[in-house]
Amino acid sequence: MEKTWSAASAGSLAWRISALGQAIRNNMFSLVIAFLLMWVVAAPIVMLLLSSVREGSFITPGALTLNNYKTVYVRPLTYPALVNTMVYAVVVSAISLVLSTIFAWLVERTDMPGRNWAWTMMLLPLAMPGILRPMAWILLLSPRSGVLNVYLREFLSLFGVTLTEGPFNIFTMSGMIFIQGLSGSTTLFLLMVGAFRLMDPSMEEAARISGAQTSTTLRRVTLGLMLPAVLAAAMYAFLGNLDDFE
């Protein structure tokens, strides 16, 4: 009986090994892609964690230590930077999401004149190299030499107001929020347009037929149906903006 049980166990083990090998062969491409993704994503994180608990540099690591964490979390500049990061990410995400949702609604759910022009203008920033956008805003709103500031100072001097710089300063938190809030709305616009396009408009039509005002339909029907897409876009924007403030 023991020999029979051993033979059955060996047969079951061989069958499991064969099934595992067959599963690996059938999913070889997916496993290779997963391994490459893990290597690209996980390997740098592991090396970063290992380096954070070692003295010296990455090339010449020293003894194990927690002084690196102490240096970061005890410094007085760490927490103001964290607060600035959170304020920046939240406000920029809110501005971008509101602008993109409004324009997506106008393009997909209204008979707004110039809809094709609106599409083109919203997508145009994607074709612009990233370095040109901040350079353009610096040339416009630099506190001393910005074109708009120079003309505004000349205009205000006619009324006896003398300024040596400003009145706008793009090198501030509010200036950064303003620029990135406008720039970030382009990608979110594409996300929201797709969601509006896939949404069934018959529910909005039913609300209008039942006598609901446009504002009521927008608030209770459109935004209610769009809530998952809005939350996904908000999460995407928030994480992206957190990464921008490095």
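This is a predicted model: local features need pLDDT of at least 70, side-chain atom pairs count only at pLDDT 80 or more; totals for chains, interfaces and linings use all residues.
Good morning, colleagues. I shall begin with helix 4, which spans residues 78-109, and helix 9, which spans residues 185-198. Their axes come within 8 Å and cross at roughly 40 degrees. Helix 4 passes helix 9 in a right-handed crossing. On the side of helix 4, the contact is made by Ser96, Leu97, Leu99, Ser100, Thr101, Phe103, Ala104, Trp105, Val107, Glu108 and Arg109. Helix 9 contributes Ser185, Leu188, Phe189, Met192, Val193, Phe196 and Arg197. By class, this contact of helix 4 with helix 9 holds 11 nonpolar, four polar and three charged residues.

Helix 9 also packs against helix 11, at an angle of about 155 degrees and with the axes 10 Å apart. Angles over 145 degrees count as roughly antiparallel, so that term applies to helix 9 and helix 11. Their crossing is right-handed. From helix 9, the residues involved are Thr187, Leu188, Leu191, Met192, Ala195 and Phe196; from helix 11, they are Thr222, Met226, Ala229, Val230, Ala233, Tyr236 and Ala237. The contact of helix 9 with helix 11 comprises 11 nonpolar and two polar residues, with no charged residues. Leu188, Met192 and Phe196 of helix 9 take part in the contact with helix 4 and also in the contact with helix 11.

I turn next to the cavity. How many cavities of 30 Å³ or more does a search of the whole structure find? The search finds one, and about 30 Å³ of space lies in the largest cavity. Its lining consists of Trp105, Glu204, Arg208, Thr214, Thr217, Leu218 and Thr222. Helix 10 (202-209) and helix 11 (214-244) each give two or more residues to this lining, and the largest share, four residues, comes from helix 11. The lining divides into two nonpolar, three polar and two charged residues. Trp105 of this lining also belongs to the contact of helix 4 with helix 9, while Thr222 of the lining also meets helix 9.

Finally, the axes of helix 6 (residues 132-141) and helix 7 (residues 147-157) come within 3 Å and cross at roughly 15 degrees. That makes helix 6 roughly parallel to helix 7. Leu139, Leu140 and Leu141 of helix 6 contact Val147, Leu148 and Asn149 of helix 7. Five of these residues are nonpolar and one is polar, with no charged residues.

Thank you for your attention.

Conventions
Residues are numbered from 1 along each chain as its sequence is written. Side-chain values use heavy atoms; hydrogens and water are left out. Axes are lines fitted to C-alpha atoms, for helices over the stretch in contact, and angles run from 0 to 180 degrees between N-to-C directions. A crossing is left-handed if the near helix is turned anticlockwise from the far one by less than a right angle, and right-handed if clockwise. Contact means heavy atoms within 4.5 Å. Ala, Val, Leu, Ile, Met, Phe, Trp, Tyr, Cys and Pro count as nonpolar, Asp, Glu, Lys and Arg as charged, and the others, Gly among them, as polar. On a 1 Å grid over the protein atoms alone, a cavity is a set of points where a 1.4 Å probe fits but cannot get out, and a pocket is an open set with protein on both sides within 12 Å along at least five of seven lines; lining residues have an atom within 4 Å of a point. Grid points are joined across faces, edges and corners, and a volume is the space filled by probe spheres set on the points. Angles under 35 degrees count as roughly parallel, over 145 as roughly antiparallel, 65 to 115 as roughly perpendicular and the rest as oblique.
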